[in-house]
Amino acid sequence: MRNFMLAIKPILGGISRLSLYLAGIGIIVMTAVVGWQVFGRYVLNDSPSWSEPLSLYLMLWFIMLGAAVGVRESVHLGLDIVRYVMPPAIQKAMDLLSLGLIVLFGIGMAYYSTLLAAGTWSATIPVLGWPGGVDFIPMIVGGVMIAIFGLERFVDVAIGEEIAADVVVQEAA
């Protein structure tokens with residue numbers, strides 16, 4: 001198992017880095033879209049109708065990608081005070097339980113988002129002209145990535161690896 005994890009870690013690290021950079025680009029593009037909307041509304045007196053749904057869609061992407069990277073890098077919020085006063089064996093059990101729940105959450109999010117996407121695919125987002133199910137694609141991708149990165153962390157804790165995080169991504173954040 002340790003050899004498998006060592007082999008797959010660079011791939012997952014690359015996916016994590018790419019996700020982080022895409023999330024950053026999404027924030028920049030969303031800021032430009034909202035800036036154009038404000039300029040259009042107050043300077044041109046003609047606010048573009050496509051800017052709000054597009055900025056919300058971009059926000060979904062960078063939130064989901066960022067959340068997945070946060071799971072892999074263990075930078076998500078947590079209340080660790082109880083964990084730190086426990087003996088090491090109980091700390092490990094608490095970590096495994098927490099990571100197992102994160103994996104189940106990611107799987108559930110991906111599954112139910114897929115059902116929502118399939119159920120709304122025939123509808124159309126009026127201003128953008130996209131199928132309605134497109135709104136759920138970031139949640140599907142984010143759920144799958146959260147499950148994969150949570151599983152990576154789960155296995156690392158189970159086999160005694162200290163950190164699954166990629167140092168390069170932590171330094172970039």
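Student: Quick one to start: of the 173 residues of the protein chain, what percentage count as buried?
Tutor: The share that counts as buried is 35%. Buried means under 20% relative accessible area, exposed means over 50%, and partly exposed is in between, using a 1.4 Å probe and protein chains only.

Student: And what kind of model is this?
Tutor: This is a predicted model, where local features need pLDDT of at least 70, side-chain atom pairs count only at pLDDT 80 or more, and totals for chains, interfaces and linings use all residues. Residues are numbered from 1 along each chain as its sequence is written, and side-chain values use heavy atoms, with hydrogens and water left out.

Student: What does the protein chain average for pLDDT?
Tutor: The average is 89, and 93% of the residues score at least 70. pLDDT is the predictor's confidence in each residue, from 0 to 100.

Student: Where does pLDDT stay under 50?
Tutor: Over residues 164-170. The model has 19 contacts beyond four places in sequence for that stretch, where contact means heavy atoms within 4.5 Å.

Student: OK, the overall picture now. How many helices and strands are there?
Tutor: The protein chain has six helices and zero strands. Reading along the sequence gives the pattern α-α-α-α-α-α. Helices (H or I, at least four residues) and strands (E, at least two) are DSSP runs, numbered from the N terminus.

Student: What box do the C-alpha atoms fill?
Tutor: Roughly 65 × 35 × 35 Å, taken along the principal axes. And among contacts between residues at least 6 apart in sequence, 71% join residues at least 24 apart.

Student: Let's zoom in on helices. At what angle do the axes of H2 and H5 cross?
Tutor: The axes of H2 and helix H5 (residues 137-159) cross at roughly 5° and come within 8 Å. That makes H2 roughly parallel to H5. Axes are lines fitted to C-alpha atoms, for helices over the stretch in contact, and angles run from 0 to 180 degrees between N-to-C directions. Angles under 35 degrees count as roughly parallel, over 145 as roughly antiparallel, 65 to 115 as roughly perpendicular and the rest as oblique.

Student: Which residues make the contact?
Tutor: From H2 they include Tyr57, Trp61, Met64 and Arg72. From H5, Met139, Met145 and Phe149 are among them.

Student: Where does Arg72 lie relative to Phe149?
Tutor: Arg72 lies over the face of Phe149, 5.9 Å from the ring centre. The rule for a charge over a ring is that NZ of Lys or CZ of Arg is within 6 Å of the ring centre and within 35 degrees of the ring normal.

Student: Changing topic: how many aromatic pairs are there?
Tutor: The count comes to four aromatic pairs. In Tyr57 and Trp61, the ring centres are 6.4 Å apart and the planes are at 85°, so the pair is edge-to-face. Rings of Phe, Tyr and Trp (its six-membered ring) pair if their centres lie within 6.5 Å; planes under 30 degrees apart count as stacked, over 60 as edge-to-face and the rest as tilted.

Student: Where do Tyr57 and Trp61 both lie?
Tutor: Both are in helix H2, four residues apart, which is about one turn of the helix. Tyr57 is buried because its relative accessible area is 11%, while Trp61 counts as partly exposed at 23%. Together with Trp130, Tyr57 and Trp61 form one aromatic cluster.

Student: Now the loops. What's up with the phi of Asn45?
Tutor: Asn45 has a positive phi of about 55° although it is not a glycine. Asn45 sits in the loop between helix H1 (2-42) and helix H2 (51-73), and it counts as exposed because its relative accessibility is 68%.

Student: And what about the phi of Ser74?
Tutor: Ser74 is not a glycine, yet its phi is positive at about 55°. Ser74 lies in the loop between H2 and helix H3 (81-84), and at 35% relative accessibility Ser74 counts as partly exposed.

Student: Last one: is Gln37 buried or exposed?
Tutor: Gln37 counts as buried because its relative accessibility is 12%. Gln37 is in helix H1 and touches Ser47, Pro48, Ser51 and Glu52, not counting residues up to four places away in sequence.
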